Amino acid sequence: MIRLTKEPVVRLADGSFVKAVSYGGSWQGARNHTMAWQILRGHRTSEDEKNLTLKFDCLVSPDDNSVSTLQEARAMHCSEFLLPWIFTNGHNPLACSGGTINNDDHVFGYDCVRKYGGIYVPPYTAIIHQYMREAVAAGGQLILAGDSHTRYGCLGAMGIGEGGIELAKQAIGGSYSVHRPQVLAVLLTGSLRPGVGAMDVALDLIRETFATGWNKNKILEFVGPGIHNLSMDARFGLDAMTTESACYSTIWETDEKVKEWFRVHQRPQDYRHLVPEGDAGYDGLIEIDLSKIEPMIALPFHPSNVFSVRSLTENQTFLEDALREVEENAEKLSGGLHYTLRDKVRDGRLTVQYATIGGCVGGMFENLYRAAEILGDYVIPHDGVPLGIYPASQPTLAEAMKQGVIGRLIQAGATLHPCMCGPCFGSTDVPANNSLSIRHVARNYYSREGSRPDQGQLSASAIMDARSIAATVRNGGRLTSALEWEPVEEPVSYGYDASYYEKAVYQGYGKPQPDVRLRLGPNIADWPEMPEMKEHMLLKVTGSYAGSITTDELCPSGEASSLRSNPDKIAEFTLRSRDRGYVERTKAFRDQRETDPEFRQIRKEFAERYGIREEEIGCGAVLVSEAVGDGSSREQAASNQKTLGGWANLAREYSTKRYRSNCIGWGLIPLQTEDRVLPEEGTYLFLPGVRKAILTGARELPACLPTVNRQLTLQIGEMTQEEREILVSGGMINYYRAGC
């Protein structure tokens with residue numbers, strides 16, 4: 001059971017909560033007693049408690065964006081990494097599109113790490129977050145990563161996910177600015193029942209908070225006696241999935257289990273006992289009774305499309321309605337492709353065709369152990385449900401082999417894969433057309449499972465905990481709660497061998513080798529030149545969309561990421577699964593606007609109306625949507641638009657801070673409107689005096705829609721002065737290249 005209190009509260013020193021309005025002391029003063037503020041306070045570089053300027057302890061990048069991030073650092077004239085910067089290779093190490101592209105990128109990454117003094121984790125060694133848990137994250141740290149699931153809160157460290165260009169900025173000595181985030185207390189009580197896992201808790205949390213935006217850009221601070229009843233793997237899984245509730249970061253109380261984790265992982269010095277300091281003030285409260293959580297499932301196409309497994313197996317009308325809604329959504333998103341789920345109902349239960357357990361939330365030891373427990377002596381038949389297993393790291397895999405867990409899974413017919421994020425990222429185990437995969441991974445966005453709607457292919461995935469996945473596989477693919485097997489879960493313990501990392505991981509921080517010659521494969525290309533913002537901007541809407549545009553749609557995962565080191569090639573995939581004409585229209589405007597009579601006439605009219613020269617009017621594309629940026633921190637969601645000639649986005653809201661920050665970093669004006677009617681594709685948008693307005697601190701911009709003769713006022717929200725200068729420079733590369 002989850003209960004929300006959507007008003008300020010205070011956690012008293014005895015662990016009880018009272019509403020701030022009835023608190024005898026100062027709620028504002030109590031805000032400085034949270035664990036989150038302890039971390040942020042220790043990393044401030046200025047005294048301003050409202051607008052924070054922060055420094056990080058370390059940086060970490062996954063391979064789906066590390067090469068482009070390194071190219072950005074090079075473009076900013078980097079000579080040495082000024083922070084420990086870890087480069088992992090677990091997202092897309094397979095050359096799934098053939099050729100040498102991915103391994104060329106690994107060679108280039110390794111060379112850069114040696115040249116500039118970084119840390120390199122070889123392909124298949126570990127998924128980014130498992131390596132950080134096992135070998136890096138320490139109590140009291142503040143960590144910045146180029147991955148949205150950056151959550152190390154249960155180790156007493158705060159992790160923040162941002163686009164790669166923000167990491168490049170930090171690596172060369174830049175600072176990080178953020179308006180002080182609100183903090184919500186998450187009170188955990190009770191214990192999970194056998195058969196219920198951390199994913200079930202996470203999905204219930206996401207169901208209760210995502211749609212309303214309650215957690216959006218806030219820090220979740222986990223407290224309460226229920227924490228001690230969760231294993232470390234359960235904490236890690238829940239922690240990472242909080243990203244899907246749209247929160248900014250997390251921090252947890254630490255206890256003896258955390259202390260033991262560090263001891264087992266041969267880092268006892270990295271433990272820090274962390275609790276709120278006396279009475280602590282929060283902007284709201286989320287109460288979770290772990291004993292009331294039951295197995296859950298997130299149906300396509302979002303982790304917030306959550307139902308209890310019981311509700312779908314016991315109520316046929318409810319099941320029919322839920323599946324119909326998914327089918328209608330598939331048709332809408334794909335532009336008419338036929339995707340069906342109701343035909344997969346057999347004897348009153350939804351049947352699935354594929355199953356996977358892996359990634360940063362699923363591939364941990366305990367999940368593999370529990371799945372093997374439930375599968376027991378069952379062997380998957382030729383017409384059964386294929387089960388893919390992706391361990392989170394080589395040490396995890398080694399221990400699972402040592403304890404016989406892997407052997408039992410293989411004996412059951414599961415397929416063992418390397419330590420990588422493949423299925424969650426859409427690069428491996430892609431389901432067949434018009435089929436459904438259940439997965440213990442982090443995301444199930446539209447087309448993220450690897451299908452190609454632009455080629456007429458559409459499959460989908462649903463998110464479940466490993467326990468219920470194993471129960472469903474054992475039941476022949478009929479959707480099944482793990483509780484139906486009445487499991488008895490004994491405590492799990494496992495060891496850790498650090499020798500693999502000690503030998504395999506290159507530790508070069510503080511030891512740059514400037515003479516290293518970089519090996520650049522044929523696909524690796526520099527970032528194109530990006531113009532500065534002119535005094536006025538004339539923008540053309542080359543894409544306008546109802547609903548939400550995710551980062552997976554702006555830059556698909558899977559195959560597209562093989563081209564991550566070539567800005568022009570990866571930009572060709574922008575919005576491919578949503579709008580096959582967007583790239584062509586946007587490029588056509590970029591390349592042919594000077595010969596377009598309509599554009600030239602509109603520019604001439606505005607030059608005459610405002611008494612300005614036509615050369616003072618900059619030109620670019622603008623993308624319009626009700627909401628934009630839900631999903632990952634991958635910066636290509638913004639850089640793709642810039643490469644195609646984009647200069648702005650216009651939305652009613654930006655789904656996450658990290659995407660809006662990516663827009664600013666790439667010189668895309670983050671325009672917002674409360675207008676009921678959004679501009680349609682083909683519409684022009686004129687922003688007079690935009691450069692001066694941005695530089696002088698304006699939060700609103702006057703605008704005109706010339707083709708419909710309509711005036712409006714647009715918002716750009718809060719920005720630091722540095723962000724404003726970056727924006728008018730045309731992006732962060734230009735800004736730092738100029739020595740700012």
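This is a predicted model: local features need pLDDT of at least 70, side-chain atom pairs count only at pLDDT 80 or more; totals for chains, interfaces and linings use all residues.
**A buried tyrosine and a pair of helices**

The backbone oxygen of S577 lies 2.8 Å from a polar atom of the Y446 side chain.

Start with the setting of Y446. The residue sits in a loop. Is Y446 buried or exposed? Its relative accessible area is 5%. The cut-off for buried is under 20%, so Y446 counts as buried.

Now look at what surrounds Y446. Set aside its neighbours within four places in sequence. The residues in contact with Y446 are then F301, L333, S334, P453, L458, E553 and S577. R710 gives another point of reference. It stands 264 residues from Y446 along the chain, and their C-alpha atoms are 35 Å apart.

Next, turn to two helices. Two packed helices are described by the angle and the distance between their axes. Helix 23 covers residues 636–643, and helix 24 covers residues 657–665. Their axes come within 8 Å and cross at roughly 30 degrees. Angles under 35 degrees count as roughly parallel, so helix 23 and helix 24 are described that way. Their crossing is right-handed.

Which residues make the contact? Helix 23 supplies A637, A638 and Q641. Helix 24 supplies Y659, N662 and C663. Of these contact residues, 4 are nonpolar, 2 are polar and none is charged.

Note on methods
Residues are numbered from 1 along each chain as its sequence is written. Side-chain values use heavy atoms; hydrogens and water are left out. Helices (H or I, at least four residues) and strands (E, at least two) are DSSP runs, numbered from the N terminus. Buried means under 20% relative accessible area, exposed over 50%, partly exposed in between (1.4 Å probe, protein chains only). Contact means heavy atoms within 4.5 Å. A polar contact is a pair of N or O atoms within 3.5 Å; within protein, one must be able to donate a hydrogen and the other to accept it, and residues adjacent in sequence count only if both atoms are side-chain atoms. Axes are lines fitted to C-alpha atoms, for helices over the stretch in contact, and angles run from 0 to 180 degrees between N-to-C directions. Angles under 35 degrees count as roughly parallel, over 145 as roughly antiparallel, 65 to 115 as roughly perpendicular and the rest as oblique. A crossing is left-handed if the near helix is turned anticlockwise from the far one by less than a right angle, and right-handed if clockwise. Ala, Val, Leu, Ile, Met, Phe, Trp, Tyr, Cys and Pro count as nonpolar, Asp, Glu, Lys and Arg as charged, and the others, Gly among them, as polar.
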